[in-house]
Structure formats: structure tokens, C-alpha cells
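This briefing concerns a predicted model. The points below are grouped by topic for use alongside the structure.

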Amino acid sequence: MNLYISGIGAVNAGLPFKNENLSGGESQEFSVIRCVEPDYKKYIDPKFSRRLSRIIKMGLYAARMALSDADISVPDGIITGTSLGCLVDTGKFLRSMIEENESLSSPSAFIQSTHNSISSQIAIAVSCNGYNSTYTNRGFSFESALIDAVLQLEENSRAGFLIGASDEITDEFLDILKNPGFAEYSGYNYDNNFRQLFSFGEGTAYFYLSGEKTGGSFCRITSVKTFFTPDGPNDPVKILNDASAIHGVDLHDIDLVLSGGSDPADASAISKRFSGAGVVMYKKYCGEYLTSVSYALWLSCIIFRNGIDKVIIDAGKASTPEKILIFNSFENKYISLVTVENV
Amino acid sequence: MKQRVFITGIGIISAIGRSADETINSLCSCNTGISGMRFLDSRLKDIFPVGEVKYSNSDLSDMLSVHENKYSRTFLLSLAAAREASGDRLKDYNPARVGYVSGNTVGGMDLTEKYFQSLHSGGEADITSLLQHDCGYSAQKAAECLNISGYVTTISTACSSSANSIMHAAMLIRSGVIDAAVAGGVDSLTKFTLNGFNSLKILDTQLCSPFDENRNGLNLGEGAAYLFLESEKSASDHMQDVICEVKGFGNSCDAFHQTAMSEDGMGPKLAMRGALKSSGLEPRDIHYINLHGTGTSNNDLSEGISIEDVFTGTIPPYSSTKSYTGHTLGAAGAIEAVISALTIKNGIIFPNINYKTRMKELSADPVSSLLKTNDIRNVMSNSFGFGGNNSSIIYSKVV
Amino acid sequence: MEDLIVKLKGEIIEQLNFEDLTVDDIDTDAPLFGPDGLGLDSIDALELILILEKKYQIKITEADDGRSILKSVRTMSDFIMKKKA
């Protein structure tokens, strides 16, 4: 299976730059890497903006950017992954319902709180009547959207789909994440003293992809695999070896790994497994959030299109890779692998 | 060669029963499960009738032998139905080749709203209850309980969530990614959704009358339903009795408005036509449509007009079983899938109860009394959600 | 009356989230719905009803002609004045 990418769009923390000293693998106080918000008017008519909460604006902006990048006006389908959905409006409606004792609730907040608002507002904006779905399953939300794209494009390889992910962080959610009672079971990366290993993050990324190569294609996804492993194992190299030996994932010739892990020892082991390939802990740049693989995929696209030396400082090998492995794990239960290759 | 996808197990819990057997008995008795709220402690409890599952969380925990007072109602309902659907067969399947695909809209909101209400009232609140808030929690937990590890995901597309789950699972099986799946969905009654729908002013204070000229809105419901889906080869290898087949499906987006359906029903028409095309059937081959039929002015008009267009001259019998269960939101597609399977298996069309007057825009009445017939081979089940997420699935007898 | 009209416009801007509009941008007599005015839709109608209930403690009943009441800022303020009298 090949998913050829010919357009990308994002609202996120931005690219890692040379000499940027973002920390990772070291405990730090609760911090957040927030998105750099664009001028939404570029892609969103202000008349419609009022009905769109922040996460929907982010999604719509990134989606339109991807379509513009691919020079497409209407995709054949739209699939979104969001692990927590529209937190701001959910909170707004819930708060108002409780404070007003179940009277006088605003319908706008309710309808904007539904998880599928992002995908459906994009469809309304670009008049897309095609296939439309939203995945919301923790560490697999974006990956499920990609796997669904594979299935849809198997039926019609010429179709072009807009696939993306969006997750936001709010101050209220941050307060919950900081609570040790919650943190202990949350599955996020904390050390033994419940200090974060990565900042918390947020972001949106959309990709226009097709089952067939076009003049605009600049890279292709060659595999997407998820492993639900409630009983472990935790060893990343074993997971990778099983993926290859048992599940047939082609891990030959990987020359860069974008890893969602936080342990430098794991990063070393992974590098060794791939004959000294560079391993970048990408969450240093985007923070920890459940659809962060979409950031790593976006980063991969930029690497293939613009060259690695403009993107990452600690990639090991200097030359632009031909094959990137994105490897992430959440709570040691949600393991995902995506391989992306140059075209 | 793509594998055919068969339904070999069903599980359901709703206002009309906690198993497929109880459900069919209720359906045949033509008694609605919609009544006053017993368990949800809402200020609106005496205003809006609901399709509430007739068991408390404590009852459900006992039935499932899980820790009382710890779990969200969403998870409890989903486990009840998922266990019934899979029975004891999973021990004979490779867990890495079985998937769990679920749909829901508000996750563990029943616990979340209690948590914030407690804080607001200055009481004690357990923050770990928020770990069950997100939509994916119940799928993860149920997959762990059932020892399923091949593929786990959750879909949230409003009222078409579990229809899309069934579709996605069917495509995964057809493609050989997995051999079998527990697929369906769940939603529990919450003050959040009750107040949400009330803010849109589309709740009926009486028993709903889907597709009736004088309809006044919907009744919210809750429940869960799952199908055990497997490839033809897997069903044969495991010697499973086949109930019916997932023959085809269509998914489209109305792309019109966040809550209202377009008056010409563009989205529903595309979904129904997509289902027909994907199943290789003609409109005249459909023997019954299980409507989305919520009882709202907008949905029923849009759906009714769409059916008149897609099935011109050959409109099959149709009915909305939401008059029994209420509108179960994320669970609706799956609950109605189970009801469609029961229709095929038993040759019975369950009526639109509480129907009196034909809609002036339509040329047909829904089936309004129990109809036993020998020839139900292909059933279409519609699920049309907020945000224009429209899905239609065709279930067929296997001959 | 003018004070009420200005207040109502401010509440409409806030409740309906018109971030880029000021009170002076809203024509008192222009239709609120449809393409010629603010372009409101059915959800906005519910929000306007919420303003009447929340800010003015006025419910629109079955007997009231909702469409006429919500036609413009002017008709809304007339209705409020009538109910408060």
C-alpha cells in the first residue's frame, strides 16, 4: 500500500530550528508547548469564524492549507483523528449546565462540542459530500484515520482524501494533568516524582493523499501499523523486531527514526537496531499529546520536501533520508509505526 | 479476492431488554421502553420521557461481576452487549487477529458531569473518574476484558458512530487486516446530552412519533449493541452459525449545516445509493428499511423525501424502532443493526409504534403493526448524524 | 428605548460571538436572518431566544409569533418593551 502525499497543512508549535535548546528526557516543571496561531482569515471567512471554536478553526485552517498546497478544491473524503475532541466547548457547555442548574444552556457550545465537528465543518467549508469520519481512540486516533484512508483508497486508488488530526490543550485540562491522583494513571510520560518528561502539547496537521502518484507527490506512506499491547512488552527493540518478523512490516533501510519515546537509552538501542540511523525524540518539539504522530508525519514531509538540514539539529546523519520510521508508544499499550519514503 | 463479512453473534442492551432474546420479545409485544427517568438525576426528569436501560449501575456491575461504583455506565453497557455478542468463542480465536471497533459520542460523561457537579457543590470528587472521560476508554477496557488485541479503535460521528464502526470493521475484515471483530457502539444517558438536545428544542415531552405528520421531536435513549463479525472463511473454520451478512454500505456527508439536514436530503440519498451500489443491489431488492426516524421535524422530512427519491416506484416497507428504544445516539446504528438482523432471522418487521398520520410530503405510511413475512432478504438500516455524517448499511440473508 | 437597542446589540454580539463587529456595525432595522442582514440561522435563533430568557426573563410562548419578534433588533426591542410594560 502507498499513500502519496501531495499537500500538507498544520497549526502547531512550528519547526525545530538549529540551536533551539528545547529540553527532552529531563524532568521539568509542568509546561506546555502551545501552537503558534496563524491569521485565520487567510483560509477562513470571518463571517463563519464565529461559529468555530479554536480547535475547529485550527483544523479548518490546516485542512485548507493542505488542499491549497495540493492545488485541490474538493477532496473525495475527509477523515480526522482527535483523542479528546473539542475540550473548550465541552467545558463551556458543562460549566453552564451546572452553574445554571440545567436551564438556559447555549446550543452553540453543545453542537461545537461534538468530536465530529472538525471533520464536518471542513466538509461544509469545502462542500465535500464524500466519505467523512472521525476517530477518537486515545493513542490510535490519527493512526486509525490513516488506516481507514488505506482501506478507502484500496477501493479507489485514484481518489484523494484529506486526512488529519487535531488536539488542543486547555488550562482546565492542564490543571487536571498536574493532579498527581490523575497523573498516576493517565498514561502520560512522567518520571517517578510525577514530573513531566516532555512538555504537554497540542497541534493540528492535515495531509492530502492519494493511492496514486501525481506530479505533486513528494513522499509516500508505505506502512501504518498499530499494536494494542495491554500486557506489554515495553522493550522498543523487541516491538520493532516483532513488527518486522511477525507482522511483516518492512523495516529495511530505515535511515531516520522519529521516536515518541523519552528515554535516551531506548533511543540508542533503536539507533543501533537500524545500523546507526539518527533517532530524534520529536516530542521535544511538539510536546506530548495523543495525536502527536501527525506532527511527526508533518515533520517527515518537510524533511523530504525541504531537506533535513533546514529542519532538525540532532538527526545524526546529515543528508536527507530516503526512509523515515515514526515510532510512538502511549502508556505502553498503544504502539504505532508509520514508515514514510521519498518519491 | 475480498472476503465476505458475516454476522455470527449479536449482543444488545437497551430500554427494551438486556439481551437479544429479551429485545425480540419486547419488539413483538409492541410495548415501548420509553418512560420516566429512574436513574439519571436530572432537573428535567419529569419533563422528558427517555429510553433508559432498566438497570442501575449497581445492577449492571453485579451482572458483569465488575467492581461496583467504579465504572462509567458507558463502559458497563458496552461490556454487557460485547460479551453477549462474543459469547465464549473468543478463546478459540487468535486475539491478534480479532478487532474491537466501537462508536460513541460522549464517552464517560456520566462520571465527568458528576465530578464537576460535586466540585461545584463543594463536595468530594474523585479525579480518577475523569480517566474514563474520553470516547476511547470503554473500547480499551472492553478489549482488555475480552482479550482482544488485533485492532482497537473508536469512532465518533454523532448518531452514525456505531454504523460507521460496523462499516470500518467490515472493511478491515474484507481487506484481511483482521479476521473477526466485535463491532458496534454505546452511549449512556447523561445530563450533558439531555440538556444539549433540550437547548436545540428538539425533545418531545410525550412519546415520540417518528414519521408522523404531527411529530414533536425525539426521546433520548441509551444502550449498547455489538455484532460479532467475521470473514466467511473464519466463520467456516470456527463452525459458526451465520445470522446474516454485511452486504454493503455507504457513507456520505451532507455538508450543509452543523445540525440541520438539507431539505433535499442530498447526504442521506448519497449514503443510501452508496450502500446499494456497494452491495450490488437495486432499490427493488430492499425488503425493509429500518429508518433513522428520530421524530424530529427536520430528520424525518429529509429522510422521507430521500427515500421517495431513491426508491421511486418501489418503496419498501419501513419503520423506525426509535419509538421503542428512544434515540440512543452513538449506539443507534448498532442497536438498529441487531434489530435488522433479528428481522432477517425471524422474518418479522417491527412497527413504528405511536404512529397516526401520514406526513403530507410522503406517499407511504411506515409499518405500524407487527408484520410477519417470509421474504425479508435484504434490510437497509439508516443512521444520520449531526454534522451531516450519514451512513446506510445493507444486511442480507445468506443463502 | 435607544439604550435598550444598544444593550441588545451588545448582547447579540457577545452571545453569537461576532468578534469583529461593534454595536455601530449592526443596523437596527435590517433583517437579522437571511443574506441581507447579519445572516443568522436556526441555531442563532435559539441563541436570541436565550438572550430574551437569560437577560430579560422573557419566554417566547406558542402564542407569540417568534418569526416577527426576531426579525430585527428593532422588533426584538419592541417586544421587550411590550412585555416589560
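In helix α1 (residues 2–15) of chain C, E11(C) and K7(C) are four residues apart and therefore separated by about one helical turn. Their side chains meet in a salt bridge, with an N to O distance of 3.5 Å. E11(C) counts as buried at 10% relative accessibility, whereas K7(C) is partly exposed, with a relative accessible area of 44%.

**Fold of chain C**

- Chain C has four helices and zero strands, and its pattern along the sequence is α-α-α-α.
- For 85 residues, a compact globule would have a radius of gyration near 12 Å, and the 12 Å of chain C agrees with this.
- The C-alpha trace of chain C spans about 35 × 25 × 20 Å along its principal axes.
- Of the 85 residues in chain C, 41% are buried.
- When contacts in chain C between residues at least 6 apart in sequence are considered, 55% join residues at least 24 apart.

**Interface between chain C and chain A**

- The contact involves 16 residues of chain C and twelve residues of chain A.
- The size of an interface is often given as the accessible area lost when the parts come together.
- About 1100 Å² is buried between chain C and chain A, and carbon and sulfur atoms give 49% of this area.
- Seven residue pairs are in polar contact between chain C and chain A, with both residues at pLDDT 80 or more.
- Helix α2 (residues 42–56) of chain C provides seven residues, the largest share of the side of chain C that touches chain A.
- That side of chain C comprises six nonpolar, three polar and seven charged residues.

**Salt bridges between chain C and chain A**

- Side chains of opposite charge can pair when their charged atoms come close.
- Four salt bridges are counted between chain C and chain A.
- One salt bridge joins the side chains of R50(A) and D44(C), at 2.7 Å from N to O.
- A network of salt bridges links R50(A), R51(A), D41(C) and D44(C).

- Over all chains, the structure holds 39 salt bridges.
- In chain A, the closest N and O atoms of the salt bridge between E212(A) and R158(A) are 3.8 Å apart.
- E212(A) lies in the loop between β7 (203–210) and β8 (219–228) and R158(A) in the loop between α6 (141–155) and β5 (160–167), so the pair ties together parts of chain A that are 54 residues apart in sequence.
- E212(A) is partly exposed, with a relative accessible area of 33%, whereas R158(A) is exposed, at 68%.
- In chain B, the side chains of D300(B) and R215(B) meet in a salt bridge at 3.7 Å, N to O, and both residues are buried.

Key
Residues are numbered from 1 along each chain as its sequence is written. Chains are lettered from A and ligands numbered from 1 in the order in which they are written. This is a predicted model: local features need pLDDT of at least 70, side-chain atom pairs count only at pLDDT 80 or more; totals for chains, interfaces and linings use all residues. Side-chain values use heavy atoms; hydrogens and water are left out. Contact means heavy atoms within 4.5 Å. Buried area is the accessible area (1.4 Å probe) that two parts lose on being put together, summed over both. A polar contact is a pair of N or O atoms within 3.5 Å; within protein, one must be able to donate a hydrogen and the other to accept it, and residues adjacent in sequence count only if both atoms are side-chain atoms. Helices (H or I, at least four residues) and strands (E, at least two) are DSSP runs, numbered from the N terminus. Ala, Val, Leu, Ile, Met, Phe, Trp, Tyr, Cys and Pro count as nonpolar, Asp, Glu, Lys and Arg as charged, and the others, Gly among them, as polar. The radius of gyration is taken over C-alpha atoms; the globule rule is 2.2 Å times the number of residues to the power 0.38. Buried means under 20% relative accessible area, exposed over 50%, partly exposed in between (1.4 Å probe, protein chains only).
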